[in-house]
Amino acid sequence: MNLGRFPRVRLGHGPTPLEPLERLSRHLGGKVNIWVKRDDCTGLATGGNKTRKLEYLLADALAQGADTLITMGATQSNHARQTAAAAAKAGLACHLMLDSRAGVATDAYKHSGNMLLNGLLGAQVHHFPAGTDMPAQMLDLAERLKTEGRKPYVIPGGGSNPVGAMGYVNAALELVAQASALDLRIDHLVHATGSSGTQAGLVAGLVALNAGIPVLGFTVRQTREVQEGAVLALAEATAQHMGLPAGTVRPEHVAADSHYVGQGYGVPTQGMVEAVRMLAEQEGILLDPVYSGKAMAGLIDYIRQGRFTQGANVVFLHTGGSVGLFGYPDAFS
């Protein structure tokens with residue numbers, strides 16, 4: 001599988017580390033070997049999984065002659081912050097369309113964490129209430145900018161389209177190569193899934209490689225049924241974008257679990273707080289409160305329930321976002 005034919009702008013530090021979490025594994029009973037794929041270490045303005053997607057999206061934007069990036073997300077969006085950083089690195093203007101879907105109104109949430117970094121990175125931020133049709137708002141802004149002679153490039157929420165998902169097709173190649181070098185049999189790959197691009201890219205890439213590694217996404221917003229449908233549709237579109245035959249990706253390749261969302265997107269849960277504290281205390285690794293914290297809460301619960309076989313090797317993909325912790329100080333006080 002030659003990905004060199006797909007335009008890419010190098011933004012991240014890679015390959016990101018694949019490391020054993022020995023203390024965490026022992027802390028949880030030693031029945032499962034937990035590993036972490038450190039995509040929090042991609043390096044772009046504190047890193048995160050969106051950097052991989054932006055390498056392909058930015059290349060596409062530049063190929064189209066764009067001078068401005070537009071994207072959307074929640075107030076504390078990690079994707080928005082990384083998009084702003086990618087735009088700064090490329091010398092492009094950046095507009096971030098952010099909504100209050102999480103329902104958090106504290107000063108820390110509205111001004112610290114990712115919001116502080118968005119300003120430092122030079123992005124123009126536009127705020128909207130929860131429930132706003134954000135894709136429509138992005139298109140409206142793009143049309144206004146065109147009338148001013150600008151050349152905007154619209155990136156969907158999370159960078160999740162077939163172009164962006166190529167970042168995680170590439171991550172699948174990287175992970176399989178690392179596991180081979182370590183003689184590591186990966187029995188399960190788990191991560192947080194939201195806008196679907198990370199999981200769809202992993203699924204498409206691993207299926208194309210015939211890697212035999214099942215992927216489980218712990219959802220951060222949608223129900224299992226909705227999430228699995230979105231991931232399957234994008235994985236199929238990504239496979240088509242790669243030139244793979246129709247039917248390469250099948251429904252049985254996609255699995256999600258929505259039991260750890262809690263009261264909603266961006267709303268802290270007891271399990272998330274426990275998971276963030278546990279990783280910090282056992283491994284010195286910082287998770288985030290919206291994505292990786294809830295996914296790790298799911299993984300911890302699966303281990304406690306005995307849902308993995310004895311001696312299984314489970315890789316947790318850390319999608320980054322720890323800067324978002326500063327938007328939620330009350331959850332950890």
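In this predicted model, the charged end of Arg221 is placed over the ring of Tyr265, at 6.0 Å from the ring centre.

Six aromatic pairs are found when the whole structure is searched. Among them, Tyr109 and Tyr328 have ring centres 5.5 Å apart and ring planes at 85 degrees; because planes over 60 degrees apart count as edge-to-face, this pair is classed as edge-to-face. Tyr109 belongs to helix 4 (residues 107-111), whereas Tyr328 lies in the loop between strand 10 (313-318) and helix 12 (329-332), so the pair ties together parts that are 219 residues apart in sequence. Tyr109 and Tyr328 are both buried. For Tyr302 and Phe308, the ring centres are 5.9 Å apart and the planes meet at 45 degrees, so the pair is tilted. Tyr302 and Phe308 are likewise buried, and together with Phe218 and Tyr260 they form one aromatic cluster.

Packing between helices was examined for helix 7 (residues 162-181) and helix 9 (residues 224-242), whose axes are 9 Å apart and cross at an angle of about 85 degrees. Helix 7 is therefore roughly perpendicular to helix 9. Helix 7 contributes Pro162, Val163, Ala165, Met166 and Val169 to the contact, and helix 9 contributes Leu234, Ala237, Thr238, His241 and Met242. By class, eight residues of this contact are nonpolar and two are polar, with no charged residues.

Key. Residues numbered from 1 in each chain as written. Predicted model: local features only at pLDDT ≥ 70, side-chain atom pairs only at ≥ 80, totals over all residues. Heavy atoms only, no water. Phe/Tyr/Trp six-rings, centres within 6.5 Å; stacked < 30°, edge-to-face > 60°. Helix = DSSP H or I, 4+ residues; strand = E, 2+ residues; numbered from the N terminus. Buried < 20%, exposed > 50% of the residue type's maximum accessible area, 1.4 Å probe, protein only. Lys NZ or Arg CZ within 6 Å of the ring centre and 35° of its normal. Axes fitted to C-alpha atoms, helices over the stretch in contact; angles between N-to-C directions. Parallel < 35°, antiparallel > 145°, perpendicular 65-115°, else oblique. Contact = heavy atoms within 4.5 Å. Nonpolar A, V, L, I, M, F, W, Y, C, P; charged D, E, K, R; others polar.
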